[in-house]
Amino acid sequence: MKVFICMDDEDCIEKLSELLYQTHMKEDISIDSYDQFVNIAFLRQRESYDVAFIGDRIHGDNGFLMGEYLHDANPECLIIYIGDDYAHMHESFRAYGYQMFLKQELPELFNGEFQRIWSHYQKLHHEEIFYLDNGGTRRFLPGEIVYIENGRFQTQVVTAHQRFYGHFGDLTKTKTKLLKYSFFQMHPRYFVNMHYILMIRNGELEMKNGDCIPTSIMNKELINDAIQSFLSSQ
C-alpha cells in the first residue's frame with residue numbers, strides 16, 4: 001500500500017506514520033510525507049497512491065485544493081482529510097474526500113474508523129492469482145469474475161468477455177475470500193458473482209454475459225435467501 005501524507009504539523013505526520021506501521025505490520029507500506037503544499041505537476045511525476053492523508057490547511061494553503069490535484073492525477077486514491085475542527089467538512093466531500101477526521105481523533109481512528117477504510121481499500125485492490133493451463137498466471141479482481149466453474153480436473157474462470165482455464169492455489173480459500181464480494185455457491189460446480197445475475201428462472205440463472213447457470217435443487221431455499229439478501233442490500 002502506497003500512502004501520501006501532507007500536513008503542516010510534523011508531530012501529526014510522525015504520529016500518523018507510526019500508527020500506519022503499527023496497525024498494518026503485515027502489509028507492505030510505503031509512505032511519502034511532506035510538510036509543505038505539493039502542486040499537481042509534482043504529483044503527476046510520482047507513482048500512484050492508494051491512500052492519502054491531507055491537512056485541511058497547510059501553512060495557510062487550501063488542502064482541499066491539493067486533494068483535487070491528487071484526484072486528477074490519481075483518481076482511484078482514497079483521500080482522508082485531517083483538520084482541527086469539522087467547520088470545513090462540506091468542502092472535504094466536494095474535494096473527493098472519502099472521510100474527514102480531527103487530529104486529536106487519530107489514535108481512536110485506527111481502532112475503529114480506519115478499519116472501514118482499510119476494508120474498502122482491500123476490496124478495491126484484492127486480487128486472486130489463477131495458474132493458467134498454458135503456463136503463466138492471471139490476477140483477477142473479484143469484480144471481473146462472472147462465475148467460477150470447477151470440474152473434476154480443471155477450473156474455469158469466466159469474465160464478461162473471456163474464459164480462462166487452470167487452477168487456483170487453494171480453491172476453498174479463494175471461495176472463502178470471495179464470499180464477502182457477493183459470491184455464492186449456486187450449484188456444486190458453479191460459484192457465482194451475484195452482481196452479474198440478469199434474470200432468475202426456475203432452476204437456473206441467466207448471467208449478464210449470456211451464460212445460463214443451473215442452481216442446486218437441494219439448496220433451493222438457501223440460494224433464494226442468499227439472492228434476496230443480496231438484492232435488498234443493493
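**Legends to close-up views**

View 1. With a relative accessibility of 28%, F42 counts as partly exposed; the class "buried" applies under 20% relative accessible area, "exposed" over 50%, and "partly exposed" in between (1.4 Å probe, protein chains only). The model is predicted, and local features therefore require a pLDDT of at least 70, side-chain atom pairs count only at pLDDT 80 or more, and totals for chains, interfaces and linings use all residues. F42 belongs to helix α2 (residues 40-45); helices (H or I, at least four residues) and strands (E, at least two) are DSSP runs, numbered from the N terminus. The C-alpha atoms of F42 and A73 are separated by 9.8 Å in space, and the two residues by 31 positions in sequence. D50 is placed in the loop between α2 and β3 (51-55), and its relative accessible area of 16% makes D50 buried. Between D50 and V3 the C-alpha to C-alpha distance is 6.1 Å, although 47 residues separate them in sequence.

View 2. E10 is located in helix α1 (residues 10-23) and, at 54% relative accessibility, counts as exposed.

**View 3. The salt bridge of D211 and R163.** The side chains of D211 and R163 form a salt bridge with an N to O distance of 2.8 Å. D211 lies in the loop between β16 (204-207) and β17 (212-214), and R163 in strand β12 (residues 163-168), so the pair ties together parts that are 48 residues apart in sequence. A salt bridge is defined as a side-chain nitrogen of Lys or Arg within 4 Å of a carboxyl oxygen of Asp or Glu. D211 is buried at a relative accessible area of 14%, whereas R163, at 40%, counts as partly exposed.

**View 4. Further salt bridges.** By the rule applied here, the count is 9 salt bridges. E144 and R138 meet through their side chains at 3.5 Å, N to O. E144 counts as partly exposed at 28% relative accessibility, and R138 is partly exposed with a relative accessible area of 23%. A salt bridge also joins the side chains of E204 and R201, with 3.1 Å from N to O. The relative accessible area is 27% for E204, which is partly exposed, and 35% for R201, which is likewise partly exposed. D9, D84 and K103 are connected in a network of salt bridges.

View 5. H59 is not a glycine, yet its phi is positive, at about 50 degrees. The residue H59 occupies the loop between β4 (57-58) and β5 (61-62) and counts as partly exposed at 47% relative accessibility. Y96, also a residue other than glycine, has a positive phi near 65 degrees. Y96 is situated in the loop between α4 (89-94) and β7 (97-102) and, at 43% relative accessibility, counts as partly exposed.

View 6. T174 is part of helix α7 (residues 171-178) and counts as buried, at 4% relative accessibility. When its neighbours within four places in sequence are set aside, T174 is in contact with E128 and F168; contact means heavy atoms within 4.5 Å.

**View 7. The chain as context for the close-ups.** The secondary structure of the chain amounts to 8 helices and 17 strands, and 45% of its 234 residues count as buried. Of the contacts in the chain between residues at least 6 apart in sequence, 53% join residues at least 24 apart. The accessible surface of the chain is about 12900 Å², with 48% belonging to carbon and sulfur atoms. Accessible areas come from the Shrake-Rupley method with a 1.4 Å probe; for residues, only the protein chains shown count as cover.

Terms used. Residues numbered from 1 in each chain as written. Heavy atoms only, no water.
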